[in-house]
Amino acid sequence: MLLFSVLLFCGPALAHEAIRDTGTDPAVVIDRHIQHYVVEPSGAYLLTVDAAKTIVEQRAVQEHGQYYISYNKTLDDVVAIDAYTLKPDGRRVPLRPDQIKDQQEAASSDAPMFQDTRLKIVVFPEVAAGDQLVVRYTVRRNTPLFPGHFEDLSSSPFYLNKNFVLVYDMPASMPLHADAVGFVPVPLSPRDVVPAGHRRYQWRYAGGGNQRLEADAVSYLDYGKRLAVSTFTDYAAFARAFRANTAPGTGSATASSPAIATLARQLTAGLPDARARALALSDWVRRNIRYVGVYIGPGGVVAHPAATVLDNRYGDCKDHAALLEAMLAAVGIGSTGALVNSGNAYQLPDTPTLGVFNHMITYVPSLDLYLDPTAESTMAGYLPAGILGKPALLLASGGFAMTPILQPARSRTTTWFDIGRDGRSRFKVSKTASGASAEPWRKTVRETRLAERDQFVRRMLQGLGQKGQGVFDAGKVDSPGKDGSDEYSLSLSGSSEHFLDLPGPSALATTYDVWGGLGEAVFTLGQEKERYQAFVCPAIDAEDETGFRLPKGVRVLALPKPTSLMNGGIHYQSSYARQGSAIVVKRRFTFRHGRATCTPDDYRAMQPALERIMRDLRSQVVVSGR
């Protein structure tokens, strides 16, 4: 079963037909998964899981030959584990004590992390195709994340589920609210024994086929089968509980201090207005406070005091937001923490749950300004693409706002080839990224170590040679640009062997897509033949110019025809021209949509335009030389 972490850690026309079962993996069958919570009035609980699955195909042995039990060593006790391998002939192979391993959960590869989330790894013995793997275990949560409350979010993996049941025994004084999609209520039977003073809520997974997860599709939780349960009556109550979750004895995490106030005033001295001051403070936090996740005990939902974050110069997203809120308050700017999803989830369950929220940013109501002080490669005034168009739960008010759908971001690429009579070419590429894309490019190039520079150049140049040809030297990279500028330019040069086959007639491709260029944007948008799921469709503004200086004696036999089209939010233009002995190809592609996501109907409507653009991108210039 896919359980969602409760820690706030800070991607041809469509036919009208029934949804096909193209996503269910036949390698494993879930025979049963019974998950049973007995919750106490404090929010603490006892969780018992009884699970059994059959390995149908040998390829599943590697992935499914072990079972992972996640727990928090400060908040939880793993009370009991019983597991065995059941052979097709009925023979049981019991688990030895040394086949239960305990290890710390892997930290993020992108940032240091201190946490006490651990894994009990059950390594089943003698596993082969045809075996059934059985595990029963009990975990006691001694300290709830939100005192007096309980919440949970569940879904199912894409296997055949024969008996998937979720049971919650709740104190009568704690009604459980639910948002169930693809889960059906299960009435009590005469055999059910409910603890005294409790009320039982239970659901069964409805089963059925699963769609293949399509490229850039929204989160499965946006449209798939899920069960969200919570004792919170609404998101405002959830926000109050989150805001009240401060470290014992520290008061408000966003409280200022003399050091914070002094620094904030120094950083904003002489700046003309509140927006400039807010941007300066956010940029200082993202550049000077390291991201380090500290998830000890309830640390996933409890921010450290702002003064401590400043002293340590590190913290997670909640800590960055707390410090920025304190610094803004010190210069008279009110703000609030805002919980969002930084992945591909664009909707929230009707029932409040932490499961979809995995990031905190800062919102300044007076400026209608969102700031992400954790985003090291996104300058203040812009947001990382994954946060655009998302519902944001404002902690100060408990209300909702929506992050911006659009923000300026433009890519311009100019590529020129000087072609010799031997077919070899020298090339130069100039790329300019502006708006939201400038800082990510600047950071990527700056942090590419010298030992990796050749590899980086080759990645940049992967589209700069004809198919099966093109041998590149290391090239030369020039990467000027300063932090704080919303425009960044990169120039690169090198050579390519066998670029043009001479003598005789030959064809020049007109699209040599440098990493992050126009062609990549078009092909990414149109990468699925058909779609059944909503998908992320970010705004695009890309412009390419490609030039070829031909050697003497080479004649141009044919140029592609120019293309110009407008279709809904798509606007595309291309031109092909001779300028003396040179050929110049110019293209501009923009895409704007009223939302951050598109529907399958939207995709069907844009398909003709995308197919026409792709044909143009594959066009060739025909030349001939002696």
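These legends describe close-up views of a predicted model.

**View 1. The largest nonpolar core.** This core holds 37 residues. Those with the most contacts inside it are Tyr67, Phe124, Phe150, Tyr168, Met170, Leu176 and Trp203. At least two core residues come from each of β2 (28-39), β3 (45-55), β4 (66-72), β10 (132-141), β13 (164-171), β16 (198-205) and β17 (226-230). Strand β3 gives the largest share, five residues. A second, separate core has 26 residues, among them Leu145, Phe146, Val302 and Met360.

**View 2. The surroundings of Tyr168.** Tyr168 is one of the residues with the most contacts inside the largest core. Neighbours within four places in sequence are left aside here. Tyr168 then touches Phe150, Leu176, Tyr201, Trp203, Leu227 and Val229, among others. Its contacts also include Gln35, Tyr37, Asp152, Ser154, Arg199 and Arg200.

**View 3. Thr138 in strand β10.** Thr138 sits in β10. Its relative accessibility is 16%, so Thr138 counts as buried; the cut-off is under 20%.

**View 4. Two aspartates with positive phi.** Most residues other than glycine have a negative phi. Asp216 has a positive phi of about 60°. Asp216 lies in the loop between β16 and α2 (220-223). With a relative accessible area of 24%, Asp216 is partly exposed. Asp368 also has a positive phi, about 45°. The loop between β22 (359-364) and β23 (369-371) holds Asp368. Asp368 is exposed, at 53% relative accessible area.

**View 5. A five-stranded open sheet.** The strand order is β23-β22-β21-β24-β25, with antiparallel pairing. Strands β23 and β25 (400-402) stand at the edges. Each has a single partner strand, so one side of each lacks a neighbour in the sheet. From one strand to the next, the twist averages 40°. Strand β21 (residues 336-340) pairs with β22 over five bridges, in the antiparallel sense. Val340 is placed opposite His359 of β22.

**View 6. Helices against the sheet.** Helix α3 (residues 235-244) packs on the sheet. Its contacts are with β21, β22, β24 (391-394) and β25. The direction of α3 makes about 55° with that of β24. Helix α7 (residues 317-330) lies across β21, β22 and β23. Helix α7 runs at about 15° to β22.

Technical notes
Residues are numbered from 1 along each chain as its sequence is written. This is a predicted model: local features need pLDDT of at least 70, side-chain atom pairs count only at pLDDT 80 or more; totals for chains, interfaces and linings use all residues. Side-chain values use heavy atoms; hydrogens and water are left out. A nonpolar core is a set of buried Ala, Val, Leu, Ile, Met, Phe, Trp, Tyr and Cys residues joined through side-chain atoms within 4.5 Å. Buried means under 20% relative accessible area, exposed over 50%, partly exposed in between (1.4 Å probe, protein chains only). Helices (H or I, at least four residues) and strands (E, at least two) are DSSP runs, numbered from the N terminus. Contact means heavy atoms within 4.5 Å. Two strands pair if DSSP finds at least two bridges between them. Axes are lines fitted to C-alpha atoms, for helices over the stretch in contact, and angles run from 0 to 180 degrees between N-to-C directions.
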